[in-house]
Amino acid sequence: MCKDCGCGLPGDVAIDGARVGAAGPSHSDEHQHPHDHSHPHPHPHGHDHDHAHDHGHPHAHDEHRTLQVEQGILQKNDRLAERNRGYFQAKGLFVLNVLASPGAGKTAFLERTAADLGTRLRLGVIVGDLATDNDAVRLRGHGIPAIQITTGSVCHLDAEMVARALERLDLSALDVLVIENVGNLVCPAVYDLGERARVVLLSVTEGEDKPLKYPVMFQSAQVVVVNKMDLAAAVGFDRETALRNIRRVAPDATIFEVSAKTGQGMEAWYTYLCDRPARAAH
């Protein structure tokens with residue numbers, strides 16, 4: 001998959017337009033927030049690269065070696081994520097990792113949230129996209145502090161990218177930090193960013209079987225938001241089947257049925273969100 005989607009190719013990441021190279025700048029560990037600066041693009045899929053020698057015939061030890069590389073990458077990300085989490089907890093900050101397919105309505109959902117909550121909740125956003133800062137610009141238009149991470153060919157955010165983006169946010173001025181991940185239901189599922197909760201959006205236009213097709217993503221969610229409910233009748237959305245599929249894969253997840261466009265069901269989401277910051281430090 002990596003050779004097809006391009007995420008295995010080396011490249012730079014940009015945070016608010018400032019290029020950050022593959023190795024990244026060096027920082028001291030004395031910073032108040034977490035850093036561990038190596039290649040900002042770990043990926044859960046195995047790659048041969050320089051670690052395996054291709055002599056035209058397979059060897060069992062090559063496969064074993066690839067597995068070790070994969071485990072090492074994820075373990076390093078997990079360590080960085082724990083450092084992020086500890087930093088967020090010290091700040092009393094409730095952090096959400098929001099994930100969805102492209103076009104499911106993540107940014108519109110956050111725009112509506114910010115507009116309706118107003119001063120009731122101080123919200124900040126870190127946005128991940130392959131290209132453009134369009135989403136960050138949209139969010140800033142609602143008065144939300146928003147930092148854009150432009151990943152190039154990297155199909156997910158990782159804990160190190162988030163740690164770097166934190167340098168550009170005044171976390172003491174926030175109650176909730178939302179990490180709007182790259183639109184993708186595959187690779188981001190295995191990357192812990194240090195969040196307190198994962199929120200997966202499912203649009204009614206995507207079909208009822210999305211949770212069954214992408215179970216790893218939905219299994220990791222504490223919250224599932226079924227968005228664009230105003231279009232449910234028009235697209236023939238089978239609500240009961242969709243809810244049954246979500247509960248089959250993520251039985252403990254809290255489910256919200258909403259329309260970011262009309263505001264339908266959003267108040268229940270706001271209640272959930274406003275109750276969380278007080279618990280973030282515990």
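**Exercise 1.** Find which residues of the largest nonpolar core touch the most other members.

*Solution.* Start with the term: a nonpolar core is a set of buried (under 20% relative accessible area, 1.4 Å probe, protein chains only) Ala, Val, Leu, Ile, Met, Phe, Trp, Tyr and Cys residues joined through side-chain atoms within 4.5 Å. The model is predicted, so local features need pLDDT of at least 70 and side-chain atom pairs count only at pLDDT 80 or more, while totals for chains, interfaces and linings use all residues. Numbering runs from 1 along each chain as its sequence is written, and side-chain values use heavy atoms, without hydrogens and water. Among the 32 members, Leu96, Phe109 and Trp269 touch the most others.

Next, look at the elements (DSSP runs: helices, H or I, of at least four residues; strands, E, of at least two; numbered from the N terminus). Those giving two or more residues include strand S3 (94-99), H3 and helix H9 (266-275). H9 gives the most, with five.

**Exercise 2.** List what Phe109 touches, leaving out residues up to four places away in sequence.

*Solution.* Take contact as heavy atoms within 4.5 Å. Phe109 then touches Leu201, Val225, Val258, Ala260, Met266 and Trp269.

**Exercise 3.** Describe the lining of the second largest pocket.

*Solution.* First, count: 15 residues line this pocket, and Pro102, Gly103, Lys106, Asp129 and Asp135 lie nearest its centre. A pocket here is an open set of points on a 1 Å grid over the protein atoms alone where a 1.4 Å probe fits, with protein on both sides within 12 Å along at least five of seven lines; lining residues have an atom within 4 Å of a point.

Conventions
Buried means under 20% relative accessible area, exposed over 50%, partly exposed in between (1.4 Å probe, protein chains only).
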